[in-house]
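User: Please take a close look at one helix pair in this model. I would like its crossing described first, and then the sheet elsewhere in the chain.

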Amino acid sequence: MNQSPEAKRRKPSKKAVAGITAGSLALVLAGVAAVDAYDVFPELPGILTTEPAIEVQSVPAPKAQGQEVPAPASALEDSAPVPTKVADKVDKVLSDAKVKGFGIEVRDGLSDDILYAKNENKPRTPASVTKVLTASAALLTIGGEKRLSTTTNFDPSTSTVTLAGGGDSLLGAGESQPGAVNGHAGLTTLAQQTAESLKNENVAEVALDLDTSRYSGEDFSPGWERADIAKGVITPIQPLMIDTGYVGSTDKEWRGRSEHPAKDAFAVFSKELKAAGITVTDTPKPAAKSDEDAKSDEDAKSSELASVESATISEIVEYALVHSDNVVAEVLGNEVAIASDQPGSLEAGPKAVLEALSDSVDLGKTHLEDTSGLSYDNQISPHDLTTILQASVVADDSLSSLISYMPVGGLTGTLTDRFTKDKNAAGTVHAKTGTLSTVTSLAGGVLDADGRYLVFTLQIDDVDKDKILEARKTVDDIVGALANCGCL
C-alpha cells in the first residue's frame, strides 16, 4: 500500500510547529522573479539539450516590494489528530493525471508519520530543489547570523591596495543599503572608507590589486553550458561580484550575466576610489616614507583598510530560495566547504553540503554534482528531501526557518503565479520549485484544512518536453489537495 500512517522515524518533538516563523516581510515580485530560467520557462533550451540552440531572452531581474506573508505553520500540540486519509486524495489526483511516474512522499510535520509514499526511495534529477540541501547545509554549517566581508588591504612597501573578495555575490555597485539583501554592502561605501583610511595615513596615490583566492579551482562547472551565461542562468563562480553578475541596465526586463564578474566589480571599485580622491596608478611603487619612520620592506606588513559586510546567511539563503538564484546557491556551496575547513571550490561544495547534512539526516543514495540544481547528474529521492524538511520543522537552530524562507504559493518568487486560484493553498504553501526541460519538482510544506502542517516532496524526471506543463499541473493539484484536505 502507498499509505503507511503508523511509520515513524523519530520521537515526536514537543516543539510547536509555530517555531517555523516567516519573517515580517517577504519579497513579492512585481514582475517575474530573477530565477533559474528553467523554473519559469521549462521550454528554455540549455544544458544537455540536443536540439540546436535558439535565440532566447535572458532571465529577468527581480523587482520586489514588501508584503506581509503568513507564517508557514500553525501552533499545534503533539496530541493534535494526524491525517489518515491523505492517500485517497493523492491517488485521486494521480489517477486523473495525464503524466505518470511520480515519486512522492508526504509526512506529518510534527510526528514524522508517513502519510503517503510512492517511489519515494528512487533518486531522481531534482533540478532547483537541490537548493533545499544547499540552504540547509549553509544554515547548519555557516550559521544563520554569519555575514560575508569584502575588504581592502594596504601594503605600504608597494603602496598597493588589494580588494579581496569574501564571497558576497550580492554586492551593490553604489552605497551600502542596510535594509536590503541584494546591495546590503556597496562598493562605493567600501571605496569611500578605503579612501578615508588612506588619507589618514597621508597616502594619496596607490596601485590596485585584486584577490580572488578565497575560491580555488575551476569557476565554471563542466556540467553547465556557457550559453546559459548570456541567458542570465549562471555566471563563473567567483568570490567577488556585483548583483550576482548581472550586466546591463536594471531598467531592462531581461539581462544576461557576466563572463568575468570579479573583474567587473574590480573596475567599479577602481572608479569609485578615484571618485573618492585617491589617484590610482597602473604600477605599484614604494610608499613615501620619512627617514624617521622608515622601515625595511621585510618589516612592513599589509593591514586592513576597510570592509563592508553582506546581509546575514539566513537572508542570503532566503534570497537564493525565493529567487531560485543559481549563482547565490553555488556561492553558498563554496562557503559551506570553507566553513567545513575544505577549499572553497565547485568540486568541494557539493561534497561539503552532503557531509554537513549527513550528521543529522540519512541522505541515502543522494548524489550532487553542483549545489544549484543545474546539473542533470544530481540525484535526490523524495524520501531524502522530505527527511530534511521534516527535520527543519522540529529543529531548534538555524535550520528551523528553512521552510519559511521558501517561495509562498500565489505570493512570492517562483510560486507567484501558482496556486493563485486556490484560497486554501495560496499563502499556505511554502515550497521550493525545480524545473529543467524534462524535470519538475516541488518540495516544502503546507497547512491542511484541519490545521495540521504537512511536509512533502513531489518529483518526476524524464518527462517528454511537451508534457512538462501537464506534469507541473499534477504537482500543483496534489499540493492543492493537501491544502484542502480535511483528512482526519
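Analyst: Helix α3 passes helix α10 in a left-handed crossing, a term used when the near helix is turned anticlockwise from the far one by less than a right angle (clockwise would be right-handed). Helices here are DSSP runs of H or I with at least four residues, and strands are runs of E with at least two, numbered from the N terminus. The model is predicted: local features need pLDDT of at least 70, side-chain atom pairs count only at pLDDT 80 or more, and totals for chains, interfaces and linings use all residues. Residues are numbered from 1 along each chain as its sequence is written, and side-chain values use heavy atoms, leaving out hydrogens and water.

The axes of α3 (residues 130–141) and α10 (residues 382–393) come within 10 Å and cross at roughly 40°; axes are lines fitted to C-alpha atoms, for helices over the stretch in contact, with angles from 0 to 180 degrees between N-to-C directions. The two helices are therefore oblique to each other, the class left after roughly parallel (under 35 degrees), roughly antiparallel (over 145) and roughly perpendicular (65 to 115). On α3 the contact (heavy atoms within 4.5 Å) is made by Val132, Leu133 and Ser136, and on α10 by Leu385, Ile388 and Leu389.

As for the sheet, five strands form an open one in the order β4-β3-β14-β13-β12, with antiparallel pairing; strands pair if DSSP finds at least two bridges between them. Strands β3 (residues 103–108) and β14 (residues 453–460) pair over six bridges.
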